[in-house]
Amino acid sequence: MADAYPSRQQAVDKARTLLKEFPNGGVRVTKEERNPKTGQYQSITVTSVGNCEEPRNRGKGDFNMRSTSSCVSPKDLFSAPARKTYQEVLPNFLQKFRVLPGELVYRTDLLERLEASGTEVTQAIQRVAIARAGGSNELHAVARQLHEMVHQAINIAFKDKKNGEHLTFERSLPEVVAIARKKKDPTTAFSSAISHRLMKETSWPSKLSALLALWREVETLSKEDQHFCNGILSDYFTEWLDTPSAVESMLGDSDSPADTLNRLIATMEPRPPKNPHDDPLIGFESAQILAEAISIGVLPTARHRIITRVFEELSSNKRLYENDLLAEFETLKKFGDRIVLILNGERRGEMYEAFSNRSKFLMTTDVVETYLAEFDILDRPWRLLQLSKYLVGADSRAKMTALFRGYVSHNQYEVAVLGTKKPLVTLSALRTTQSLLLASDLPEQDRLHGAQDIDQLGVRLMGQCHLMKVMTRKARTPEHAALGLFKLACEALPMGQCVRLASNAATQILKTDESRMALEGNPELKATLRNLSQTAIASGEIRSSTQSRRIA
């Protein structure tokens, strides 16, 4: 508990202050109610700001033992899945010496330092042992087994180097590949050569440049050698992409997380782009070369990792645009359309989950209220409904429904509608809100009930401002008064009873002898009134878009 206050509003204000200090978290405001029967207190949530979800089950990007469950021998610790785990359990060591896991396993000088460090390797093994033991009583046995495997793997690395199984990159690439092919384990030989080549690079950008230069050279080899080399290089690219701050060094600084995501998605799109002037990767040469390699399919694991990284960013609580919720949803829609083309049917479940989590986060009360506070209270319901077409997932739609009900039924909204000095403008705003609601993807019953509530509010406003009498009095002639009322019914008034009232008033005006005689001499106006009358009849019934399709 952070604090306690006697006033609800004070507690909510404090929660929002805390959220500004910790923008990636969330704060719950609760109250304690005493049960008179049991005498015990129960916590009841008043409101939540920020992200107060319970931690989700760990996804593919989080540390788990599934990727290393096949490590049953010391040799397995050199494999790509095991090396991925090193980035999670040895981040400080890798960052300190600026090495990728694929370099480390063939760098005997660094393996010696790692083994001598004691604490670093022990803590890493403990983390893996805890995950593998899964809460059983076998933790210590698993840890001992892993210690022995690590010790044996380090000995293998020293032995392979001593026996000449490790290569240096002191010859041309074709020569290195030819020598590696003749070794007992060609993959180990060529991987050790890449490790030796990367040893000269002491920064993440320079390591990427070296990997990209290698890939360029690989393109000159035979198809068989290209396949062999690219399969190994792809794992190194993946490790580089998983390195903290490495992607940022490739994509450069950005004004917002949206820019970073835009460039990240662009690395998976075909090169060159159809419109080079709109290329998000302009000025980022390394990213362009990586994108070229991915687009021709030679770095499958790197592509897979970038897709995962995109999904992780989308599932996070980082806002793409801090102050514009609609712009963020529009950008997410564009991103989604591009990702669908990239995936071509694969990983659809992960994509849906990522966008669903993002929608759910963006529809939290605090985020929506901050956005809507910039608009007039009369405009807030339809501004809120503008977002509905971008929502993904049942949770965000349920939240939209609850928020819309809250705004429309709020006393402040009713006071603003009935207290307006511009009734026609307000009635038009109600019509817009109602139309957006009926056309939305929200549950049908909620749409219909909400539309009826808006209609009833419009009826009250029409009666209060004597709309029909004012329109009749200001019109030049009775038939022009009817024309104005029909136009209001068709274009400006909320559908339902509001439209029927205006339409009936117009019909009564046209039944007078004076109006009939005037229309006989003006067939064009008569036809216009007939068409408007038919349109008004259709608008007199509240129907959702689903019902309209059924009728059609």
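Which helices do the buried residues of H2 pack against? Before the answer, a quick note: this is a predicted model, where local features need pLDDT of at least 70, side-chain atom pairs count only at pLDDT 80 or more, and totals for chains, interfaces and linings use all residues. Residues are numbered from 1 along each chain as its sequence is written, and side-chain values use heavy atoms, with hydrogens and water left out.

View 1. Buried means under 20% relative accessible area, exposed over 50%, partly exposed in between (1.4 Å probe, protein chains only). Helices here are DSSP runs (H or I, at least four residues), numbered from the N terminus. The buried residues of H2 pack against H3 (91-97), H4 (101-104), H6 (119-133) and H11 (223-242), with contact meaning heavy atoms within 4.5 Å.

**View 2. Arg 83 and Tyr 236.** Arg 83 is one of the buried residues of H2. Its charged end sits over the ring of Tyr 236, 5.1 Å from the centre. For an Arg, that calls for CZ within 6 Å of the ring centre and within 35 degrees of the ring normal.

View 3. Phe 93 and Phe 97 sit four residues apart in H3, about one turn of the helix. Phe 93 is buried at 3% relative accessible area, while Phe 97 is partly exposed at 23%.

**View 4. Tyr 371 and Phe 375.** These ring centres are 5.3 Å apart with planes at 75°, so the pair is edge-to-face. Rings pair if their centres lie within 6.5 Å, and planes over 60 degrees apart count as edge-to-face, under 30 as stacked and the rest as tilted.

Definitions and conventions
Helix = DSSP H or I, 4+ residues; strand = E, 2+ residues; numbered from the N terminus. Phe/Tyr/Trp six-rings, centres within 6.5 Å; stacked < 30°, edge-to-face > 60°.
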